[in-house]
Amino acid sequence: MKLEELLKRIPVLEMIGNQNTDVSEIVFDSRKAVADSLYVAIKGTVSDGHSFIDSSIEKGAKVILCEVLPEDLKDNVTYIQVKDASKTLGQLASNFYGNPSEKLNLIGVTGTNGKTSVATLLFDIFKILGFQSLLISTVEYRIRDEIIPSTHTTPDVIRINQMLAKAVKLDCEYAFMEVSSHGIHQNRTEGLHFKIAGFTNITHDHLDYHKTFEEYLKTKKRFFDELNSEAIAITNIDDKNGNVMLQNTKAKKKTYALKTMADFHGKMLETDFNGMLLNFNGKEFWTTLSGKFNVYNLLLAYAITVESGFHEEDILKAMSQLKTVKGRFETLKSEGGIFFIIDYAHTPDALENILDSINEIRTKNERLITVFGCGGDRDHAKRPEMGKIASRKSTLAIITSDNPRTENPATIIQEIESGVEPQYFSKYTSIPDRREAIKMAIKFSEPKDIILIAGKGHENYQEIDGIKHHFDDKETVIELAKLMSK
Ligand SMILES: CC(=O)N[C@H]1[C@@H](OP(=O)(O)OP(=O)(O)OC[C@H]2O[C@@H](n3ccc(=O)[nH]c3=O)[C@H](O)[C@@H]2O)O[C@H](CO)[C@@H](O)[C@@H]1O[C@H](C)C(=O)N[C@@H](C)C(=O)N[C@H](CCC(=O)O)C(=O)O
Ligand SMILES: Nc1ncnc2c1ncn2[C@@H]1O[C@H](COP(=O)(O)OP(=O)(O)OP(=O)(O)O)[C@@H](O)[C@H]1O
Ligand SMILES: N[C@H](CCC[C@H](N)C(=O)O)C(=O)O
Ligand SMILES: [Mg+2]
């Protein structure tokens, strides 16, 4: 593509060199530079892309876009100076791929918990309604029926535009994507044209990255601040920060809630481990999904589908056919009659929600055993909180490992244990090996008992010291429950 065309609507401070050149590709990692590419130098969290300008040229980059021009300028290279290279990358990527986000209906979901669930439910609802879509999520990316492994909840803006462009080419009419706070902060959604934006909730998470809750909140809000006046913003007003999200948005505002009056109002009428009877805006329907948090997720998915112009009856009919999202309140029953729930709850709020949901459904004649851990190299503050919640709300909590990464698993476990209140000391034990922990839970159980295995959901690895060892909670449960019932 011609450089001139690529720079359309992009404010440039200074340009040195040939402006009439062709760009073969845009890259922001010097290691991926190819002949005639344009390298964007970005200041990252670990290093500064400006220090790799020369190595990108060695690999073939012909245009350099940066915030600070290098002192030593090479011949036959075009240098472009901009105020914010990271934001400019988004605009360049949109231009390069033909602005695909404007050619379909792009819908983004943000919030601490529920993003994967809502985005996946939407992909499935629209499929039942007869529409093909793109899904960008933590678990996987999907273009129609093609599944692409996921690297990030919200990948970089080049990947996003590449996938959007492919989706447009394959006649997809919708794209559903998770918008993570890292993604917003690192401008991975810059230049994208969102039609609808949904907010799930905001609670304690990622303070290792954002430092304070206020910063985290501000980052999430930015997603709504940047919507245009034709977009629709839908927020959960049962969350105390739900309205904050819409304070400065130009988008049309819509609300959903279970506890208060809202544009979209939901009620849970009945629930058990087989599903729930729900009422949305006065209309009843059954779903095979369980867990109160899924009422919120379904309600947001419903609101987004209604705002997309579909009939309420058609939507509810489609919604009653939905299956559980992988690793989100996924249930299994062993031959011996033990009930397993596999869930991705990896934050204090998510763990509390799922335990409350299970306690609401169970008869209390059985026991509830919770196996969980906390990720290494991540927020330390959530560890004691999760220890407190799990021991308080289960018959027995078995603390184990969940991606210790570069940390010592024993230290993480100690930090979790430090949150257990003295009256619950007899209600927890610690087994660092996750397989052994699950084995212990099964050994301790009797028919009808419930074992919750939290934190990994769909993940199929245990990350230790930079190496991902294969580990899958569901697979382990199936294997052990069978072995042990023999
Ligand atoms: C902390 C974080 O988010 N880091 C992301 C960030 O990398 P970074 O800022 O550390 O990059 P850097 O190493 O400082 O390098 C700066 C720049 O120099 C470039 N560079 C670097 C080396 C080199 O030789 N040449 C070169 O050009 C890099 O490409 C980069 O542009 O930008 C990269 C490119 O987009 C991301 O891949 C990377 O994600 C890392 C791998 C990551 O683990 N991110 C997680 C925390 C994340 O983003 N998670 C959220 C979900 C969280 C949740 O909701 O649970 C997600 O959306 O997935
Ligand atoms: N609406 C919700 N409110 C509170 N908790 C929820 C909600 N939806 C899901 N959860 C809990 O959070 C876990 C993760 O759900 P999900 O994967 O949908 O969230 P996410 O926002 O995509 O998370 P991540 O940021 O890790 O990608 C679930 O397994 C469940 O325990
Ligand atoms: N996207 C989140 C997921 C955490 C899941 C949990 N299993 C862990 O490894 O901490 C993160 O990387 O922080
Ligand atoms: Mg997710």
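Modeller: Helices (H or I, at least four residues) and strands (E, at least two) are DSSP runs, numbered from the N terminus. This is a predicted model, in which local features need pLDDT of at least 70 and side-chain atom pairs count only at pLDDT 80 or more, while totals for chains, interfaces and linings use all residues. Residues are numbered from 1 along each chain as its sequence is written, and chains are lettered from A and ligands numbered from 1 in the order in which they are written.

Colleague: Which helices each supply at least two residues of the shell around ligand 2?

Modeller: They are α4 (115-128), α10 (292-307) and α12 (348-361). A residue is near a molecule if its C-beta atom, placed from the backbone, lies within 6 Å of it. There are 22 such residues around ligand 2, and Gly 114, Lys 115, Thr 116, Ser 117 and Ala 345 come nearest.

Colleague: How is the domain assignment to be read, and which domains supply the shell around ligand 2?

Modeller: Domain bounds come from an automatic or database domain assignment. Here the assignment gives domain 1 (3-85), domain 2 (100-319) and domain 3 (330-485). Domain 2 and domain 3 each contribute at least three residues to the shell around ligand 2. The centres of domain 1 and domain 2, taken over C-alpha atoms, are separated by 34 Å.

Colleague: Why does ligand 1 lie between domain 1 and domain 2?

Modeller: Both domains give residues to the shell around ligand 1, so ligand 1 lies between them. Of the 19 residues around ligand 1, the nearest are Asp 29, Gly 44, Val 46, His 152 and Ser 180.

Colleague: Is Asn 113 buried or exposed?

Modeller: A residue is buried if 20 or more other C-beta atoms lie within 10 Å of its own, exposed if 12 or fewer, and partly exposed in between, with C-beta atoms placed from the backbone. Asn 113 has 23 such atoms within 10 Å and is therefore buried. Gly 114 is buried because 26 other C-beta atoms lie within 10 Å. Both Asn 113 and Gly 114 lie in the loop between β6 and α4. UniProt, in an unreviewed entry, lists residues including Asn 113 and Gly 114 under "binding site"; such annotations may be inferred rather than shown by experiment, and the positions are given in the numbering used here, with feature names shortened.

Colleague: Which residues does Gly 114 touch?

Modeller: Two residues are in contact if their C-beta atoms, placed from the backbone, lie within 7 Å. Leaving out residues up to four places away in sequence, Gly 114 touches Thr 200, Asn 201, Phe 293, Tyr 296 and Asn 297.

Colleague: In what order do the five strands of the open sheet run?

Modeller: Two strands pair if DSSP finds at least two bridges between them. The order is β1-β5-β4-β3-β2, with mixed pairing. The edge strands, each pairing on one side only, are β1 (14-16) and β2 (26-27).
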